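Please open the structure in the viewer and follow the stops below in order. Each stop names what to select and then describes what is found there.

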Amino acid sequence: MPAKETTVNVARAVQHGKLRLIIPALAIAIAAVIIPFSQIASAHTTNTTTRAAASGAPKPTIVLEHGAWANTASWNGVIRRLQADGYTVYAPPNPLQGLTYDSEYLADFLHSISGPIVLVGHSYGGAVITNAATGDPQVKALVYVDAFAPAQGQTLAQLLAAYPGSCAVPSNLTVVPFPGAPAGVGDAYITQSAFPSCMANGLPAREAQALAADQAPIATSALTQPTGVPAWQTIPSWAVVGTVDHAIPLALQLAMDENAHAHITEVKAPHLSMISDPGVVTSVILQAVHATT
């Protein structure tokens, strides 16, 4: 064999030998890179699954309790926003027949719901949720919207007398009888002439007049029945306070909410802030949801 050809064959043999050595080395190097990446991918998948499982926890049901001189429709702006976020929402009618009866009525409704609940009350509805949620482990948060949050033994009449300035005074009320009413008890309406400035100041005039026409009256006995053990003693609370509320004086709202250790959000709104500022009210409800469920 010529010397040149021999040299070429030897070179090829050497290169082939090098390739035989290089290929396994590359395989080992690639495996060393792939294995950590697979471990990282596995860890990422595990973390993603964990987060998904956490986010897949059942959302709480939101229950909205209206107050005196309002009705379930007053929550419509809030309901639309909560439903758009995927929440189940109930706005049961408040009988407005007295604090004891109304609280028991709401408590029975709450017992029909499975899973966690965030309970919201407006105005007199705040006193109702304060009593209805006591001892109910499903209720994870209370939200007071321009609402009463009385302490044990307090009545709404006492609170209003201690903090004068409410527009819900006898001269602005019309009291009518109802069948089966106890002696001296009637259904109280706010006169339609007083309603816009009392309850709906700042709302368009036509809207305020319509609200005055379809208001739900409250039995006068609701003002004198004392509160039981308040639910806010054991359930975290939030509050929306309308700073231009003419029905429940600002100082009274702040005093009650501070006593209940509520997280307070002030908004320049009338007594019906869930109508004038549904976005703010919804935001506070969601704060309570995220903090407690």
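## The chain as a whole

Of the 293 residues of the protein chain, 44% count as buried. The coordinates are those of a predicted model. Colouring by secondary structure shows 10 helices and 9 strands in the protein chain. Among contacts with a separation of 6 or more, 72% are made by residues 24 or more positions apart.

## Stop 1: the nonpolar core

Select Ile-62, Leu-142 and Ile-285, the residues with the most contacts inside the largest nonpolar core, which has 77 residues. In soluble globular proteins, nonpolar side chains tend to be buried together.

Keep Ile-62 selected and display what surrounds it. Beyond its neighbours within four places in sequence, Ile-62 is in contact with Leu-82, Tyr-87, Thr-88, Val-89, Tyr-90, Val-118, Val-120, Ile-285 and Val-289.

## Stop 2: helix α2

Next, select residues 76-84, which form helix α2. Which residues of this helix are buried? They are Gly-77, Val-78, Ile-79 and Leu-82. After α2 comes Gly-86, with a positive phi near 90°.

## Stop 3: the loop between β1 and α2

Move to the loop between β1 and α2 and select His-66. His-66 is buried, its relative accessible area being 3%. Apart from residues up to four places away in sequence, His-66 touches Asn-71, Thr-72, Ser-74, Trp-75, Pro-92, Pro-93, Asn-94, Leu-96, His-122 and Gly-125.

Trp-69 also lies in the loop between β1 and α2. Is Trp-69 buried or exposed? With a relative accessible area of 12%, Trp-69 is buried. Most residues other than glycine have a negative phi.

## Stop 4: the loop between β4 and α5

Select Asp-146, in the loop between β4 (139-145) and α5. Asp-146 is not a glycine, yet it has a positive phi of about 45°. Asp-146 is buried, with a relative accessible area of 0%.

## Stop 5: helices α3 and α4

Select residues 99-110 for helix α3 and residues 124-132 for helix α4. At what angle do α3 and α4 pack? The angle is about 60°, and the axes are 8 Å apart. The crossing of these two helices, α3 and α4, is right-handed.

To view the contact itself, display the following side chains:

- From α3, Leu-99, Asp-102, Ser-103, Leu-106, Ala-107 and Leu-110 take part.
- From α4, Tyr-124, Ala-127, Val-128, Ile-129, Asn-131 and Ala-132 meet them.

Sorted by class, the contact of α3 with α4 has 9 nonpolar, 2 polar and 1 charged residues.

## Stop 6: the disulfide

The tour ends at the disulfide, of which the structure holds 1. A disulfide is a covalent bond between the sulfur atoms of two cysteines. Select Cys-167 and Cys-198, which are joined with an S to S distance of 1.7 Å. Cys-167 lies in the loop between α5 (156-162) and β5 (173-176), and Cys-198 in helix α6 (residues 195-199), so the pair ties together parts that are 31 residues apart in sequence.

Why is the disulfide right-handed? The torsion about the S-S bond of Cys-167 and Cys-198 is about 65°, and the disulfide is therefore right-handed. Both Cys-167 and Cys-198 are buried.

Note on methods. Residues are numbered from 1 along each chain as its sequence is written. This is a predicted model: local features need pLDDT of at least 70, side-chain atom pairs count only at pLDDT 80 or more; totals for chains, interfaces and linings use all residues. Side-chain values use heavy atoms; hydrogens and water are left out. A disulfide is a pair of cysteine sulfur atoms within 2.5 Å. Helices (H or I, at least four residues) and strands (E, at least two) are DSSP runs, numbered from the N terminus. Buried means under 20% relative accessible area, exposed over 50%, partly exposed in between (1.4 Å probe, protein chains only). Axes are lines fitted to C-alpha atoms, for helices over the stretch in contact, and angles run from 0 to 180 degrees between N-to-C directions. A crossing is left-handed if the near helix is turned anticlockwise from the far one by less than a right angle, and right-handed if clockwise. Contact means heavy atoms within 4.5 Å. Ala, Val, Leu, Ile, Met, Phe, Trp, Tyr, Cys and Pro count as nonpolar, Asp, Glu, Lys and Arg as charged, and the others, Gly among them, as polar. A nonpolar core is a set of buried Ala, Val, Leu, Ile, Met, Phe, Trp, Tyr and Cys residues joined through side-chain atoms within 4.5 Å.
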